[in-house]
Amino acid sequence: MAAEKLRDLSQPIDVALLDATVAAFYGTGSKEERTAADQILRELQNNPDMWLQVVHILQSTQNLNTKFFALQVLEGVIKYRWNALPVEQRDGMKNYISEVIVQLSSNEASFRRERLYVNKLNIILVQVLKHEWPARWRSFIPDLVSAAKTSETICENCMAILKLLSEEVFDFSRGEMTQQKIKELKQSLNSEFQLIHELCLYVLSASQRTELIRATLATLHAFLSWIPLGYIFESPLLETLLKFFPVPSYRNLTLQCLTEVAALNFGDFYNLQYVKMYSIFMVQLQSILPTTTNIPEAYAHGSSEEQAFIQNLALFFTSFYKSHIRVLESSQENISALLLGLEYLIGISYVDDTEVFKVCLDYWNSLVLELFEAHHNLDNPAVAANMMGLQIPLIPGMVDGLGSQLLQRRQLYSGPMSKLRLLMICRMAKPEEVLIVEDENGNIVRETMKDNDVLVQYKIMRETLIYLSHLDHEDTEKQMLKKLSKQLKGEDWTWNNLNTLCWAIGSISGSMMEEQENRFLVMVIRDLLNLCEITKGKDNKAVIASNIMYVVGQYPKFLRAHWKFLKTVVNKLFEFMHETHPGVQDMACDTFLKIVQKCKRKFVIIQVGENEPFVSELLSGLPSTIADLEPHQIHTFYESVGHMIQAESDPQKRDEYLQRLMELPNQKWAEIIGQARQSVDFLKDQDVIRTVLNILQTNTSVATSLGTYFLSQITLIFLDMLNVYRMYSELISNSIAEGGPFASKTSYVKLLRSVKRETLKLIETFLDKAEDQPQIGKQFVPPMMDPVLGDYARNVPDARESEVLSLFATIINKYKSAMIEDVPRIFEASFQCTLEMITKNFEDYPEHRLKFFSLLRAIATHCFPALIRLSSQQLKLVMDSIIWAFRHTERNIAETGLNLLLEMLKNFQASEFCNQFYRTYFLTIEQEIFAVLTDTFHKPGFKLHVLVLQHLFCLVESGALTEPLWDVSTVAYPYPNNTMFVREYTIKLLSTSFPNMTTSEVTQFVTGLFESRNDLSTFKNHIRDFLVQSKEFSAQDNKDLYAEEAAAQRERERQRMLSIPGLIAPNEIQDEMLDS
């Protein structure tokens, strides 16, 4: 009953009843009551006449929630229907809101009491302004300013409205208003700013009220980034701000305003004012925060206001220096103020707060880069002059002057830079390779999760430290060695101090000259090994071990040149492999692999003073070295030794080493197969299955590093392995047949499947890494046809291994057209049955999806003639599955599908079935590609969508299609050619898909496609514009449409980094000289 009464909007609404409904919605009553109230309020909100009741509700209710409900209704009308309302209704509403605001804010008590309500009304007023001002409400700013002068509380609220207006127009307007409207509002604000400016200055000079002054400063802060510069520099504004800076209650707001001013950068016109502002600021700062203050400590114990002050101070200094540091370098007294500011900033950089540190680090990185580039480009004077900001043609003889100028500048900054090196060393972030961390209870544990923020920070710090190192290698080395000797003496020994120091040492690898780097490293490694000897305690040793491993892993070049050190380091790693502390063994195995990859030749030649190559010595002691390692660590170890053996050029020695390496697993394998020959049930035991799995994984690890040379070993176990595979496969099928779908989830079946997968992975790894030797293919592929392929087809879906698909994709990619004869067999065994599994929906069997399309792509690329021989039903299956793939929102699958489609289109165009194929599929493909192109979920595929469309349009225009694409029997109108038909078809297709676009817009777009088809970048831009124009892509993040351009930018950045020694770590460079 009550609901009916509320719904009738023909008479004034019953406010008491509405209050009760709102109270029920927010109340703690039953769930039913809340749902019923929600239903009624939603209906009211959606009723187009409801807004006419808003004034009545606001006047009658005392309940804040009801007022907010009414204002929400009003906000909807203002946003979406305002311009459609009659003028008198708009004016009435405008005047009513203004009156209520003035009335509530004219008196201190009601203004404080109704604060939330007034704030909401202010927002509504600004929404109205976005429609009405300046055209229909010319006098708004003069009215506002004169109202502000009548009382201090009204003035405070006017400031709030101005701040909101500035934010709406300058900060949040993108996607909300048209460009034209934003431009109009900005011009109005600029032209009327005089009045606002006078009001602000008047308040700041005359008022004593704290709240009002704070509101005024907050408003100024919002305006400073865009107002005409004269209002800042040619008025008393800066002096006034600096006067308020020392007052504690205004300190933070003033500092934010000064930061906005500091960030402005419009040439040199106001340089004098900037210098003056900076020097007054520095004098005042010293009285607020004396230079002797320990800033990190003060921050740690400070109130939130004080912490915000330090944060704002960092923003002020970094903004000022980014734009105006050159001005301060001009005279001696300015230089001393500049150096003092840099001192402060270094102090702030030690504050233990990520956000503060990010602000400082970002600036340090840009300053150091600028100093480094000038120093780096001294050989190229024109660039250097440009860096110095000198816009003058170079005269001979001036270069020397320029050089000395640059040197002076470097000397000027040498003090701060030295302190900055220490800062970077003390606060170095953790690199990715380090797996050992301290948890919150102070224990040393293995890291479980990668922290991306830390990795990003490491990247920036590493770059900064490398530039710093280039600016002064001696100082860098001196500071690092000094810190290290303190650790040895135990002076400031903590885990963190040692960690950051070693991470810093590792991060500058490659930036010094070789002799200096060698000298430096000999000292570092010697000291670290000593430290490991003299330090007691498991945790301490683990930390030192982790650091030794990190540092040596970063300097492969040094280890290649110094066999004694290399041997010591590797033996130390073997020692660490017995250290059961969490993370130490993992890191030892990872580092061993990393070092072996870069120095493998060193281990297979007889070094001076040795009787045999190191690899032989290692193989003799292998069982004891790996005694304490976990299976996954043993696999890494085996992979590393595989790399050593691969470096041996004598085939006989190589096979002998391989045999010795595989002795343990082969012995175990022979035992198991022997037992199985007597009783096949032996293989069903869970422990035996685990051992089989482990043996296969060990083989895969060695195959990964040995490639072709693994042939003798795989031949040894291959046929037995296929028999085990077949047997386990039958076991799985039987279990699933008996136990239903849940059987596939049991640990026993999972274990059996792991063995099958590992078998496939081992074969795939070997065939993939082996060099192209057809006889290897002939030896290994035929025996697999039945046990692997036949087995795939025979199995129930839940027991099919997706790895079978990727194995055959690898085989076809490897042996190419030699496989044509086998394609029908592969097709028959895998195609239909896999499609049935993956086309039911977009979710099931994700692994099979991707691998299935990779297999299809391999066939289309290398065995295309086999596809032509398929029946038309089978080809339709293929095409449907491709279309199905690129409709996928899973990016990898969609991309594989699109790449596959491009291959098919090109291959069919060149074949004799060109007309037949395109007559069947041209229109379907065009329609499907337009469907995904204009769907925002498919943005990442943009580049490939464009290529497919370009192919289709070029094909039609080329005249390669000699038969009509339309169905002659049903289309009465004979088109003169395919181009005309496709043009008409495309216009029709897009007009029905985008009813919001006019036919002439669509026609223009289609004409443009045909005109720009031969120039990919014009074609692509044309489509981009259409997408934005069609409104599908308007208010969204469209960076995927520009992915290619972004990739090109990344490549340019990589080339720049390669040109500076050390910026790309030596262990990341694929060095040709792997080691001679």
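## Overall architecture

Two residues are in contact when heavy atoms of theirs lie within 4.5 Å. Among contacts in the protein chain with a separation of 6 or more, 73% are between residues 24 or more positions apart. The structure is a predicted model, in which local features need pLDDT of at least 70 and side-chain atom pairs count only at pLDDT 80 or more, while totals for chains, interfaces and linings use all residues. Residues are numbered from 1 along each chain as its sequence is written, and side-chain values use heavy atoms, with hydrogens and water left out.

The protein chain has 52 helices and two strands; these are DSSP runs numbered from the N terminus, helices being H or I of at least four residues and strands E of at least two. Its C-alpha atoms fill a box of roughly 105 × 90 × 75 Å along the principal axes.

## Surface and charge

Of the 1076 residues in the protein chain, 52% are buried. Buried means under 20% relative accessible area, exposed over 50%, and partly exposed in between (1.4 Å probe, protein chains only). The accessible surface of the protein chain is about 49,400 Å², and carbon and sulfur atoms contribute 52% of that area; areas come from the Shrake-Rupley method with a 1.4 Å probe, and for residues only the protein chains shown count as cover.

The protein chain carries 105 positive and 132 negative charges, and their mean positions are 1 Å apart. Lys and Arg count as positive and Asp and Glu as negative, without His and the chain ends. Each charge is placed at NZ of Lys, CZ of Arg, CG of Asp or CD of Glu.

## Salt bridges

A salt bridge requires a side-chain nitrogen of Lys or Arg within 4 Å of a carboxyl oxygen of Asp or Glu. The count by this rule is 49. One of them joins Lys120 and Glu75, at 3.2 Å from N to O. Lys120 belongs to helix 8 (residues 115–132) and Glu75 to helix 5 (residues 64–80), so this pair ties together parts 45 residues apart in sequence. Lys120 is partly exposed at 22% relative accessibility, whereas Glu75 is buried at 16%.

Lys94 and Asp91 form a salt bridge at 3.3 Å, N to O. They are separated by about one helical turn because they are three residues apart in helix 6 (residues 87–105). Lys94 is buried, with 6% relative accessibility, and Asp91 is partly exposed, with 28%. Between Arg115 and Glu156, the closest N and O atoms of the salt bridge are 3.7 Å apart. This pair links distant parts of the chain, with Arg115 in helix 8 and Glu156 in helix 10 (residues 152–170), 41 residues apart. Arg115 is partly exposed at 29%, and Glu156 is buried at 4%. Elsewhere, salt bridges with shared partners connect Arg753, Lys756, Arg757, Asp791, Glu801, Glu803, Glu847 and Lys851 in one network.

## Arg427

Arg427 lies in helix 23 (residues 398–427). Arg427 is buried without a salt bridge, and the nearest side chain of opposite charge, Asp352, is 4.3 Å away. A polar atom of the Arg427 side chain lies 2.7 Å from the backbone oxygen of Val351. Beyond its neighbours within four places in sequence, Arg427 has contacts that include Tyr350, Phe357, Met461 and Thr500.

## Leu264

Leu264 sits in the loop between helix 16 (251–263) and helix 17 (271–288), and counts as buried at 8% relative accessibility. Leaving aside neighbours within four places in sequence, its contacts include Leu224, Ile232, Tyr274 and His324. The C-alpha atoms of Leu264 and Ile714 are separated by 69 Å, and the two residues are 450 residues apart along the chain.

Conventions
Polar contact = N/O pair within 3.5 Å; in protein donor to acceptor, adjacent residues only side chain to side chain.
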